[in-house]
Amino acid sequence: MTTASAPGKIILFGEHAVVYGRPALAVPVTQVHADVDIAASDRPGIWIHAPGISLRSELNSLPSDHPIAAVIHNFFFLARVSPFPPLKIHISSTIPVASGLGSGAAVTVALVRALAVHFNFPMTDEEVNAFAYEIEKIHHGTPSGIDNTVITYAKPVYFVRGQPIETFTVGQPFTLVIGDTGIPAPTKESVGDVRKLWEADKEKWEEVFDRIGRIVKEARKQIERGKWKELGGLMNDNHALLQQMTVSSPELDRLVEAARKAGALGAKLSGGGRGGNMIALVEPSDAEAVVRSLKEAGAKSTIVTKIG
Ligand code: PMV
């Protein structure tokens, strides 16, 4: 049996503007992960069991644009696997689906790495990343590539679309509380809606994206210097711009407010928005109070994570 695992991720700063060429910062979240086991089988066919999404199917019964089927077909094409041998593939994930934690990209990365080991077809990180980006297009339409990049390399990334991967250092570790609205929100929709706004008034939105780009650069500088407390205000500013872009929601705003009231230094939505997750920057000693306050304000789950 071969196994592979990939972490979740969160975007610290710069979501949405990153689709338009501005930088974004994202980090892996190792408390949640996708795991794949592959074993040879006596039963004919390629059987996929993914209990988290209630999937138990033979490969050929899935539409070819199903993201999991697409990973397997694309891999077989790349590695010239023919005929298809009988296999059992088990996929499990603790990453909530459609919530901004990169569940789709993590399943892709874990699955292609498990296939690569099983079929003795070594792939570099660069190859895994390029492969996963093609699958992200099925999930998201026009993805920037940030999810697959952070998850493939499992490192903090300063991401600019189309440019070689650039990691950054964390001068002093800092603590984030991640709060999940529990509302699944497909990134494709919020990205599509931002595109409509942009098409209707490019000058206005390019200016907003520039402001986000400046926040991202400042945040990277402060993180590298170990001045993490400076990130609070930058998170609040970034959230306000995301609200203008209509990608927040009453539930996200309620959690962001609750975190700030409970002592967080700053808070913002993270990822595609409309639902999914928000993040709050906290002093480690305030993490518990912020978690409590997020739960009272309706968070379905919370994760406390240390960055760096
Ligand atoms: O919702 P997530 O975490 O998968 O991230 C989406 C990030 C966007 O900037 C909104 C879209 C993208 O492709 O970068």
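The legends below describe close-up views of a predicted model.

Residue numbers start from 1 along each chain as its sequence is written. Local features need pLDDT of at least 70 and side-chain atom pairs count only at pLDDT 80 or more, while totals for chains, interfaces and linings use all residues; side-chain values use heavy atoms, with hydrogens and water left out.

View 1. The protein chain divides into domain 1 (2-166) and domain 2 (170-307), with bounds from an automatic or database domain assignment. Taken over C-alpha atoms, the centres of domain 1 and domain 2 are 25 Å apart. Contact, meaning heavy atoms within 4.5 Å, involves 32 residues of domain 1 and 45 residues of domain 2. About 3000 Å² is buried between domain 1 and domain 2, and carbon and sulfur atoms give 65% of this area. Buried area is the accessible area (1.4 Å probe) that two parts lose on being put together, summed over both. In domain 1, the residues that lose the most area to domain 2 are Phe13, His16 and Tyr20, together 25% of what that side buries.

View 2. Four salt bridges are found across the interface of domain 1 and domain 2; a salt bridge is a side-chain nitrogen of Lys or Arg within 4 Å of a carboxyl oxygen of Asp or Glu. On the side of domain 1 that touches domain 2, β1 (2-13), β2 (24-40) and α3 (125-140) each supply at least two residues. The largest share of that side, six residues, comes from β2. Helices (H or I, at least four residues) and strands (E, at least two) are DSSP runs, numbered from the N terminus.

View 3. The whole structure holds 13 salt bridges. One of them joins the side chains of Asp147 and Lys9 at 3.1 Å, N to O. Asp147 lies in helix α4 (residues 146-153) and Lys9 in strand β1, 138 residues apart, and the pair links distant parts of the chain. The side chains of Arg220 and Glu166 also form a salt bridge, at 2.6 Å, N to O.

**View 4. Backbone at Pro83 and Thr246.** Ser82 and Pro83 are joined by a cis peptide bond with omega about -5 degrees. Pro83 sits in the loop between α1 and β5 (87-93). Thr246 is not a glycine, yet has a positive phi of about 65 degrees. The loop between α7 (231-244) and α8 (250-261) contains Thr246.
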